[in-house]
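Please look over the following notes with the sequence and the model side by side. They are arranged as numbered points, and each can be checked on its own.

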Amino acid sequence: MLITCPYCGPRDVSEFTYQGDGNRQRPAPNSQNLDAWNEYVYDRLNPAGDHNEIWQHSGGCRIHLRVVRNTLTHAVSSAVAVRGHHGGKP
Amino acid sequence: MAEYSAFALLRNALSGNKDWKPAWRKPEPKASYDVIVIGGGGHGLSTAYYLAKEHGITNVAVLEKGWLGSGNVGRNTTAVRSNYLLPPNTRFYEHSMKLWENLSHDLNYNVMFSQRGCLNLAHSPAQLDDYARRGNSMRHQGVDAELMTPAEIKRLMPMIDVSDTARFPVYGGLMQPRAGTARHDAVAWGYARGADRRGVDIVENCEVTGFIRDGDKIVGVSTSRGEIRAKKVAVAVAGSTGRVMQLAGIDRLPIESHVLQAFVSESLKPVLDTVVTFGMGHFYISQSDKGGLVYGGDIDGYNSYAQRGNLPIVEDVMAEMLALFPSLASVRMLRSWGGVCDMSMDGSPIITKGPLPGMYLNCGWCYGGFKATPASGFCFAHTIARDEPHDLNAAFTLDRFHRGILIDEKGQGATPRLH
């Protein structure tokens, strides 16, 4: 499984750390909406097909990436920097 | 008269083996049933078996997308144990162990349950303390557990290096002598035959494509072989839980599907007569009756519905095997495969009524579902038949996450890849 880092190019999955589901919406730090917190912490979409997820190129440039990956085929269709400073490009 | 016995073997041998019946029929699905169980794996089949045996509910269909036992019941590393720390888990898995101990007799089918013991190796004094704590918790609840010294471990397992110069010296271990292994395919076949003989229809190549509703209530399923109605619809599909529940409009669950790989080596002369786990990583190994070493390690660690993994974990598992047993370096790996695991947010399962009216849910087995097969079916059948959980699965609710009453055996929090 290869992930194409926008800075480093295509790299083996062993260089990356999976940081989980990228669909989760973290409530505001002062939010007292317990349902929203519960949903953020425990509930997952877990789709069979394209999945938005967060990975870090921890064995490389250490950038955090927003990746779209197919959970049935493991094919990665996009990987952009989480922070939008460069429009997701270097 | 038991269908399978020494006498039956002799009688059929003399009559040219023409009288054996298929272990289960291949019925056409009927238009309606009392209960539909979705999923013809270990848990679905044992659920149908105990519905018929314990509750007299025999108008039951088990719907299987592929062929019987094509999922995780035939993909696991066959270990059976009940060495858990937390009481809800210990009680549940110990009940499973007691069902295992009588399973071949109960099913009249040899599941080759072999109580060869399961040894968790400790590689630091702190780890040994932790194991002692778990062992005390187990013994407190009537489960067998014994702390072993390095010398005792060496006597049990001559292949291991317990000297100070080992790569990761062994400080001791926690043994559950009643743990062991079982022939996983036989478990599926035995439960299938037991359910079939009591009148359950096992329908293979029948994929559920949607749920039939009457208002909020689930009243049946549409399948690749037509619509089938039922008073109660039970879901026991492990790694496919997300996909099936999405058909019912439930798109968020405290579950992530991950892939776990397993491996078997070429056949060897007997070298290992117990199940052993490595404490300096995550690795477990046993030797099958055919002689192959059966082993595995961590899940790959990312969401996946593919029944195959990637090479970094293969390398990792082999490295751990060689750190523990350098002598296995020249053994050749025969096969590797993957199974999809329904990882829950606390590492413990869900066996419950709901979440929709008319529906029952059994999931969240992480990668430890095989050993639970008997108790899972036993408790799920009780929940379906009585519309309330058995004492043993009362804690395994779906809403425990939002209510803050988690059963987090490893204390890892809501990070499925760490359970």
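1. Basis of the notes. This is a predicted model, in which local features need pLDDT of at least 70, side-chain atom pairs count only at pLDDT 80 or more, and totals for chains, interfaces and linings use all residues. Residues are numbered from 1 along each chain as its sequence is written, while chains are lettered from A and ligands numbered from 1 in the order in which they are written. Helices (H or I, at least four residues) and strands (E, at least two) are DSSP runs, numbered from the N terminus.

2. The strand β14(B) and its neighbours. Strands are said to pair if DSSP finds at least two bridges between them. On one side, β14 (residues 283-287) of chain B is joined by three bridges to the antiparallel strand β13 (residues 275-278) of chain B; here F278(B) stands opposite F283(B), and V276(B) has I285(B) as its bridge partner. A hairpin of four residues links β13(B) to β14(B). With β15 (residues 292-303) of chain B, β14(B) pairs in the antiparallel sense over four bridges.

3. Burial of β14(B). A residue is taken as buried if 20 or more other C-beta atoms lie within 10 Å of its own, exposed if 12 or fewer, and partly exposed in between, with C-beta atoms placed from the backbone. By this criterion five of the five residues of β14(B) are buried. In a regular strand the side chains alternate between the two faces of the sheet. For β14(B) both faces are covered, with F283(B), I285(B) and Q287(B) on one side and Y284(B) and S286(B) on the other.

4. The sheet as a whole. Eight strands of chain B make an open sheet of mixed pairing, in the order β5-β6-β4-β13-β14-β15-β12-β16. Its edges are β5 (146-148) and β16 (333-344) of chain B, each of which pairs on one side only. Direction ignored, neighbouring strands are turned by 25° against each other on average. Helix α9 (residues 311-324) of chain B packs on this sheet, touching β12 (255-267), β13, β14, β15 and β16 of chain B, and its direction makes about 135° with that of β15(B). Axes are lines fitted to C-alpha atoms, for helices over the stretch in contact, and angles run from 0 to 180 degrees between N-to-C directions.

5. A helix pair in chain B. The axes of α2 (residues 42-55) and α7 (residues 184-197) of chain B come within 8 Å and cross at roughly 30°. That makes the two helices roughly parallel, a description used for angles under 35 degrees. Residues count as in contact if their C-beta atoms, placed from the backbone, lie within 7 Å; among those that meet are L45(B) and Y49(B) in α2(B), and V187(B) and Y191(B) in α7(B). By class, this contact has nine nonpolar, three polar and no charged residues, where Ala, Val, Leu, Ile, Met, Phe, Trp, Tyr, Cys and Pro count as nonpolar, Asp, Glu, Lys and Arg as charged, and the others, Gly among them, as polar.

6. The interface. In total, 18 residues of chain A are in contact with 22 residues of chain B. On the side of chain A, α1 (34-42) and β4 (50-56) each supply at least two residues, and the largest share, three residues, comes from α1(A). That side has eight nonpolar, seven polar and three charged residues.

7. Backbone details worth checking. N46(A), in the loop between α1 and β4 of chain A, has a positive phi of about 50° although it is not a glycine; N46(A) is buried, with 27 other C-beta atoms within 10 Å. N108(B) also has a positive phi, near 50°, but N108(B) is partly exposed, with 15 other C-beta atoms within 10 Å. Finally, the peptide bond from G354(B) to P355(B) is cis, with omega near 5°, and P355(B) lies in the loop between β17 (350-353) and β18 (359-363) of chain B.

How values were computed: Parallel < 35°, antiparallel > 145°, perpendicular 65-115°, else oblique. Contact = placed C-beta atoms within 7 Å.
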